[in-house]
Amino acid sequence: MALDLLKLDYTFVDVNVLEGGTRTPEFLSINPQHTVPVLVDGNLTITESRAAMTYLVSQHKPGQLYPACAKKRSQIDQRLYFNIGTFYKRMGDCVYPVNFGKKSTVDEGDKEALKEALMWVNQMVVGGYVLGNSMTIADVDFLSTMSSIEACDFVNLSPYKNLKVWSDKMKKEIPNYAENCGKGALAFGAWFKSNYKQ
C-alpha cells in the first residue's frame with residue numbers, strides 16, 4: 001500500500017505463504033526469517049513492513065506521511081509500535097491459534113484484550129486519522145490490522161463507530177487498497193473461518 005500511496009514504481013512478486021513460498025531456497029536467501037513482506041531496493045533488503053514504510057517515505061517522499069520533525073515522527077513511531085506490540089499482537093493472539101488449527105474457538109480473555117485495543121484505536125481515530133487530522137504511515141499500518149479483523153469477523157465492531165468511519169475512508173484514500181490489502185485480508189479471513197467454530 002505504501003508504494004502505491006507514494007506513487008513509486010515497483011515489481012510485485014506474489015509469494016504463497018500457505019504453500020511454502022517463504023520456505024524456498026530463493027526466498028530464504030533474501031529473508032531467512034521467512035516472513036512477508038520483503039522490500040528489496042537495489043542492494044538494500046528490509047524484512048519488516050514498518051521499517052520498509054519508514055524507509056520508503058524517508059528516502060523517496062519525505063513529508064507529512066512521516067515528517068522530518070523529530071517530535072512528530074516520535075508520535076508516528078509510537079503508533080507503529082502500538083500496532084505491532086498491542087493492536088496487531090492482540091488480533092494475532094485471537095486468530096493465529098485458530099488459523100493454524102491449534103484451536104477452533106477464540107479465548108474470551110484474548111477477545112476482551114482485543115476489544116480493549118479496539119477501544120483505544122477508536123479513540124485515536126476520532127480526528128479522522130490515527131494521529132491527528134492528516135494521513136501518516138501509521139494509518140497505512142493500522143489499516144492492514146483492521147482489515148484482517150474485519151475479514152475474520154469474529155468480534156462485533158459496531159461499538160467502534162469512529163473506527164468504522166476511519167476504515168471506510170482509508171480504503172478510499174489509499175490507492176489500490178482492494179488489490180494490495182483487501183484481497184489478502186479476505187484470504188486471511190477465509191483461512192480463519194475455515195477452522196473457526198462459534
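Asp 153 counts as partly exposed because its relative accessibility is 48%, where buried means under 20% relative accessible area, exposed over 50%, and partly exposed in between (1.4 Å probe, protein chains only). The model is predicted, so local features need pLDDT of at least 70 and side-chain atom pairs count only at pLDDT 80 or more, while totals for chains, interfaces and linings use all residues. Residues are numbered from 1 along each chain as its sequence is written, and side-chain values use heavy atoms, with hydrogens and water left out.

Asp 153 is placed in the loop between α6 and α7 (161–173); helices (H or I, at least four residues) and strands (E, at least two) are DSSP runs, numbered from the N terminus. The phi angle of Asp 153 is near 55°, a positive value in a residue other than glycine. A positive phi, near 50°, is also found at His 34, likewise a residue other than glycine. His 34 belongs to the loop between α2 and β1 and, at 28% relative accessibility, is partly exposed. The loop between α2 (25–30) and β1 (39–41) also contains Pro 37, and the peptide bond leading from Val 36 to Pro 37 is cis, with omega near 0°.

Turning to helix packing, helix α6 (residues 137–152) packs with α8 at an angle of about 40°, their axes lying 8 Å apart. Here axes are lines fitted to C-alpha atoms, for helices over the stretch in contact, and angles run from 0 to 180 degrees between N-to-C directions. The angle makes α6 oblique to α8, given that angles under 35 degrees count as roughly parallel, over 145 as roughly antiparallel, 65 to 115 as roughly perpendicular and the rest as oblique.

Aromatic contacts come next. A pair of aromatic rings is described by the distance of the centres and the angle of the planes. The structure holds 10 aromatic pairs; rings of Phe, Tyr and Trp (its six-membered ring) pair if their centres lie within 6.5 Å, and planes under 30 degrees apart count as stacked, over 60 as edge-to-face and the rest as tilted. Phe 82 and Trp 120 form an edge-to-face pair, because their ring centres are 6.3 Å apart and their planes stand at 65°. Since Phe 82 lies in helix α4 (residues 70–99) and Trp 120 in helix α5 (residues 108–124), this pair ties together parts 38 residues apart in sequence. Phe 82 is buried at 14% relative accessibility, whereas Trp 120 is partly exposed at 30%.

The rings of Tyr 96 and Phe 188 are also edge-to-face, with centres 5.6 Å apart and planes at 75°. Tyr 96 lies in helix α4 and Phe 188 in helix α8 (residues 177–195), so the pair ties together parts that are 92 residues apart in sequence. Tyr 96 is partly exposed at 25%, and Phe 188 is buried at 14%. One aromatic cluster is formed by Tyr 88, Tyr 96, Phe 100, Phe 188 and Trp 191.

Finally, the cysteines: the count comes to zero disulfides, a disulfide being a pair of cysteine sulfur atoms within 2.5 Å. The sulfur of Cys 94 has its closest cysteine sulfur in Cys 152, 9.5 Å away, which is too far for a bond. Cys 94 is buried, with a relative accessible area of 2%.
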